[in-house]
Amino acid sequence: MDWREFAEAMAALSRRLLAQDALQDTLDQIASAPVELVDGCEAAGILAVRKGRAVTLAARGDVVAESDRVQGELGEGPCFDAARRVNGDRMFRIADLTQPQPDWPRYAPAARDLGIGSMMGFLLYADGQDFGALDFYSSRPGAFTRDSETAGWLLASHAAVALASARTVDQLEHALETRHAIGEAMGILRERHRLSEDDAFAVLRRISQHHNIKLRDVAQNIRSAPRKQP
């Protein structure tokens with residue numbers, strides 16, 4: 001591997017990740033990067049575990065979603081374990097999946113049936129948060145070397161920082177949208193029913209609690225409801 005070329009590619013990737021407009025776009029770019037930048041990688045994806053369930057956040061290659069699905073159904077597998085930080089490990093590399101894998105006795109045969117020859121994965125970890133596992137796949141045993149491992153670790157580190165930034169921006173935009181929706185709904189209630197600001201907000205909160213609906217959704221329903229003609 002030419003590390004100078006790899007460093008230049010990583011710099012370009014970092015700029016590309018920060019330029020994305022939405023969190024899902026960032027996830028998709030991260031999933032595509034290993035195929036483009038790491039020798040031997042034919043498919044890649046991001047697996048997260050939510051309430052014990054395997055969730056594919058992004059994928060490049062059909063085998064990724066199938067592998068994630070199998071791991072979720074079996075409750076075992078290297079990506080599944082990495083996303084859950086089993087044993088505290090933040091990475092794994094399986095050189096040859098055609099060999100017995102005592103840690104994943106049920107997943108390994110299923111992976112071979114899917115045509116997976118070797119794998120490696122890295123926990124996406126930044127700012128004290130786990131975002132899931134970034135997983136690399138090859139149909140060829142022995143495709144991933146120590147250099148591949150180093151490249152993957154560097155890529156995952158950059159990706160995790162970009163993902164943390166993207167999620168912060170996404171959450172901020174969501175909060176601003178929520179505030180705007182609530183403010184507009186309160187204005188509608190005040191105009192229709194001659195309420196004070198406090199009373200309008202109390203109405204929104206009462207509807208939210210009574211119907212077990214998020215305040216933002218209550219506000220959106222009021223905004224989208226047709227107005228009666230005088």
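Reader: What is the handedness of the crossing where H7 passes H8?
Author: This is a predicted model, in which local features need pLDDT of at least 70, side-chain atom pairs count only at pLDDT 80 or more, and totals for chains, interfaces and linings use all residues. Residues are numbered from 1 along each chain as its sequence is written, and side-chain values use heavy atoms, with hydrogens and water left out. A crossing is left-handed if the near helix is turned anticlockwise from the far one by less than a right angle, and right-handed if clockwise. For H7 passing H8, the crossing is right-handed.

Reader: How are H1 and H2 oriented to each other, parallel or antiparallel?
Author: H1 spans residues 3-18 and H2 residues 23-37. Their axes come within 11 Å and cross at roughly 165°. The crossing is right-handed. The two helices are therefore roughly antiparallel.

Reader: Which residues in H2 meet H1?
Author: The H1 side supplies Phe6, Ala9, Met10, Leu13, Arg16 and Leu17. Facing them in H2 are Thr26, Gln29, Ile30, Ala33, Glu36 and Leu37.

Reader: What is the relative accessible area of Ala31?
Author: Ala31 lies in helix H2. Leaving out residues up to four places away in sequence, Ala31 touches Ala44, Gly45, Ala58, Ala59 and Arg60. Ala31 is buried (under 20% relative accessible area), with a value of 1%.

Reader: Is Gln101 buried or exposed?
Author: Gln101 sits in the loop between strand E3 (91-94) and helix H5 (107-113). Beyond its neighbours within four places in sequence, Gln101 is in contact with Ile94, Asp96 and Ala108. With a relative accessible area of 15%, Gln101 is buried.

Reader: Which residue has its backbone oxygen 3.1 Å from a polar atom of the Gln101 side chain?
Author: The backbone oxygen of Gln99 lies 3.3 Å from a polar atom of that side chain. At 3.1 Å, the backbone oxygen belongs to Asp96.

Conventions. Helices (H or I, at least four residues) and strands (E, at least two) are DSSP runs, numbered from the N terminus. Axes are lines fitted to C-alpha atoms, for helices over the stretch in contact, and angles run from 0 to 180 degrees between N-to-C directions. Angles under 35 degrees count as roughly parallel, over 145 as roughly antiparallel, 65 to 115 as roughly perpendicular and the rest as oblique. Contact means heavy atoms within 4.5 Å. Buried means under 20% relative accessible area, exposed over 50%, partly exposed in between (1.4 Å probe, protein chains only). A polar contact is a pair of N or O atoms within 3.5 Å; within protein, one must be able to donate a hydrogen and the other to accept it, and residues adjacent in sequence count only if both atoms are side-chain atoms.
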